[in-house]
Amino acid sequence: MTYDVVIIGAGAAGLMCALTAGYAGRSVLVIDHANKAGKKILMSGGGRCNFTNLDTAPANFFSSNPHFCISALKRYRPEHFVELVERHGLEHVEKAPGQLFCADSAKDLLAVLLTECDWAGVEIRLKTSVESLERQGEGMRLDTSAGRIEAGAVVVATGGLSIPTLGASGFGYEIARQFGLEVTDTRAALVPFTLTSAWKERTAALSGLSTEVVARCRDGEYREPMLFTHRGLSGPALLQVSSHWHPGDELAIDLLPGESAFEGLAAARREAPKRRLSTWLGERLPRRLAQALVEWHGGDGPMAERSNADLEAWASRLNDWRIKPAGTEGWRTAEVTMGGVDTRALSSKTFEVNGLPQLRFIGEVLDVTGQLGGYNFQWAWASGVACGQAV
Ligand code: FDA
């Protein structure tokens, strides 16, 4: 069997690359070891797939080579993808500013991609694994569970390491190393935090509670909701900040974003001296959280009895709550992988390996990782199209 292009990985990037190359007149085969294409698309965004972000910019991505993503993102923009899905009548909603989700189900989005692949003459072979990949003259040779395949070019679109039960594997990194490319350190990102057993006990009663915060870690700062879970801390603010976190780091959480707790408490002491601290807290925070804070730190007396030192201590608990997570939930629940195939060895226009144009890498397998909010899919589409046009 011989194809112009063989793409390993029938996920977001692989399918987008396949249909683009197919329309450009290439014979294209997509191979995936899973029993279904696009499994991550199906389970993303709570089953409705946050498929792009209208405000996508290079600043929304982390990479040790930050300029690499610019070219592809500029050439294939969110509006292009919206135009594609709208041609198929897919209805979508903007759940948060810029974040587009399927109005009904991510199944509709996957159907768009599979239909386009079909129209573009792309062949998709599932439950097929690659046993070896070798250079063969100007092309490549693959030995797979379905036999030997020859290809003009191979595109590795095997994604990151998150959620192994959905087909994730380190295969793309192995191929990169086999051909002498560097792979930067990988770690789970956009992932909930776990807490020590002492903190888990303290926060157990808060499980399910969500409140807006500013979460900070290293150079990351996000104002979004935080969610207490039975394992620890999650919600958009904490998922975002997990991309900056390294083991041993502390998180700084502002439970009263935009408000100086010290000034508020001092004003309350002046103007309503008989008021209890818990009442003041209860007006600003969810009631269960206000109660828990008073239980953890004690001293729910009238405001009049509070010293400046006491107000300062409370202000720092509220505006700058410091907590050291035990860890993260890891690959089991992480949405993405930070790090990956080092892009310095690739062309940002064509995604080919420098000096080896018959081998290319696209999507999440690369050291390009988006923030939460539809950016990771936009990277999959943009890198898939750039590569599909050139391959
Ligand atoms: P992707 O992981 O989609 O596809 C890789 C494919 O390669 C898979 O089909 C896999 O089976 C296959 N494969 C792997 N190893 C192989 C091997 N050895 N041989 C053959 N095939 C192999 N992003 C976003 O923008 N908005 C969102 O709403 C969400 N939500 C979300 C929820 C959850 C739960 C997760 C886990 C992730 C998200 N994401 C997201 C992230 C997003 O899903 C992710 O960045 C893209 O799917 C990456 O696309 P790729 O095509 O690069 O990899």
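Okay, two bits of housekeeping. Residues are counted from 1 along each chain, following the written sequence. Because the model is predicted, local features need pLDDT of at least 70 and side-chain atom pairs count only at pLDDT 80 or more, while totals for chains, interfaces and linings use all residues.

Let's start with the ligand. It's surrounded by 37 residues, and the closest are G9, G11, G159, G167 and G363. To be near, a residue needs its C-beta atom, placed from the backbone, within 6 Å of the molecule. Which element gives the most to this shell? That's α13, with 4 residues. Helices here are DSSP runs of H or I, at least four residues, strands are E runs of at least two, and both are numbered from the N terminus.

Next, residues 187-336. An unreviewed UniProt entry annotates them as "domain: RsdA/BaiN/AoA(So)-like insert", and such annotations may be inferred rather than shown by experiment. This stretch is 36% helix and 23% strand, with its end C-alpha atoms 9 Å apart.

Now zoom in on α11, residues 287-297, where L289, A290 and A292 are buried. Buried means 20 or more other C-beta atoms within 10 Å of a residue's own, exposed means 12 or fewer, and partly exposed is in between. Those three sit on the same side of α11, because they cover an arc of only 165° around the axis, taken from the directions from the axis to the C-beta atoms. On the face turned away from that side you'll find R287 and E295, both exposed. Finally, just after α11, G298 takes a positive phi of about 75°.
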